[in-house]
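Try each task before you read its solution.

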Amino acid sequence: MHLGVLRLLPLALARAVLAALRGRLGALCWSLAPLSLSLPLPLPGWRRVSAPSPAPAGPRREREWDEASPTPTSVNYHFTRQCNYKCGFCFHTAKTSFVLPLEEAKRGLAMLKEAGMEKINFSGGEPFLPDRGEFVGKLVQFCKQELELPSVTIVSNGSLIRERWFKKYGEYLDILAISCDSFDENVNVLIGRGQGNKNHVENLHKLRQWCREYAVAFKINSVINRFNVEEDMNEQIKALSPVRWKVFQCLLIEGENCGEDALREAEKFVISDEDFEQFLDRHKDVSCLVPESNEKMRDSYLILDEYMRFLNCRNGRKEPSRSILDVGVEAAIKLSGFDEKMFLQRGGKYVWSKADMKLDW
């Protein structure tokens, strides 16, 4: 575009155009890496799909546009909303069945790397649903082998992971986080983590062993809610010995797990801050415990949805930016609502590469 024309455009639009051009050039440079020269290369402007347009920006979102862009050091890419579990408090529900084509997802990940991403976490939904885990496996391999990211991680309910996946992709994965909210199978079923005769806790132990055998750091995520807040998990957590035990306070997000257009009714799962603190106090001797209250959690994650749009949760619901594939990372991230200070304060940056953990596998 001629610079004379750019001078006639509003400043914000000009910035968006330049950011989009920079993002496409960055993606093209990554696609020309030596390991990829034998693959068919898409044109810089090629795009099979466009994300739905977000709602018009209000005054608050327009002000955020003018703020300095945060660095996407750690990104959580929820590439699918589909899941085989029905957890009652889920805050990223199956509102669409969309999954980006693999090459488009890789293009977006390359753009994020160019913008400063060091860690990518793949989540859902259930990330092992698309193509029986092959989709996420190929993304994991791409991020570690071609983008050379220091940390590549997955959060999963674990029910669909098979040993053959570890054999094929385990070397490229730094951390596997498995969601486990209770060591009482009846409570898991009550919460929604049940699949017929399958035992969630037994499967957790099997996955722990596979992580040892294939040198993948093992992590556990637990959502503390009305049905497990009185449970004592000390013995079980210490026996499993995860590198981190992330403990979340049950969080309400309008449009996801509460409100008229939500697919869940999580109000019955909510606990008070005092209840959460009592749970933490009961487990204060677990060295790997990493607690996250609602206050710490809400704005301290960079969440990328299935269309590669950043989700802003500052108003208690998820407000999407434009897709990074359309406007570039810099333009999109300004509308993410990301609180970089809280991210650092909650310990969001830690030793997250298994090469640096020096674990006794």
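**Exercise 1.** How many aromatic pairs does the count come to?

Solution. In this predicted model, the count comes to 15 aromatic pairs. Now classify one of them, F79 with F135. Step one: the ring centres are 5.2 Å apart. Step two: the planes meet at 45°, which lies between the limits of 30 and 60 degrees, so the pair is tilted. F79 is in the loop between β1 and α4, while F135 belongs to helix α5, 56 residues apart. Both F79 and F135 are buried.

For practice, take Y350 and W352: with 5.7 Å between centres and 75° between planes, this pair is edge-to-face. The ring of Y350 also has the charged end of R244 over it, 3.6 Å from the ring centre.

**Exercise 2.** Decide whether R81 is buried or exposed, and find what its side chain reaches.

Solution. First, locate R81 in the loop between β1 (74–78) and α4 (102–114). Next, compare its relative accessibility of 7% with the 20% limit: R81 counts as buried because its value is under that limit. Then follow the side chain: it reaches the backbone oxygen of T93 at 2.8 Å, and a polar contact of 3.3 Å joins it to the side chain of E306.

**Exercise 3.** Which residues touch the most other members of the largest nonpolar core?

Solution. Among the 71 residues of this core, they are Y77, L109, I120, F122 and W245. Helix α5 (residues 134–146) gives the largest share, 6 residues.

Conventions: Residues numbered from 1 in each chain as written. Predicted model: local features only at pLDDT ≥ 70, side-chain atom pairs only at ≥ 80, totals over all residues. Heavy atoms only, no water. Helix = DSSP H or I, 4+ residues; strand = E, 2+ residues; numbered from the N terminus. Buried < 20%, exposed > 50% of the residue type's maximum accessible area, 1.4 Å probe, protein only. Polar contact = N/O pair within 3.5 Å; in protein donor to acceptor, adjacent residues only side chain to side chain. Core = buried A, V, L, I, M, F, W, Y, C linked by side-chain atoms within 4.5 Å. Phe/Tyr/Trp six-rings, centres within 6.5 Å; stacked < 30°, edge-to-face > 60°. Lys NZ or Arg CZ within 6 Å of the ring centre and 35° of its normal.
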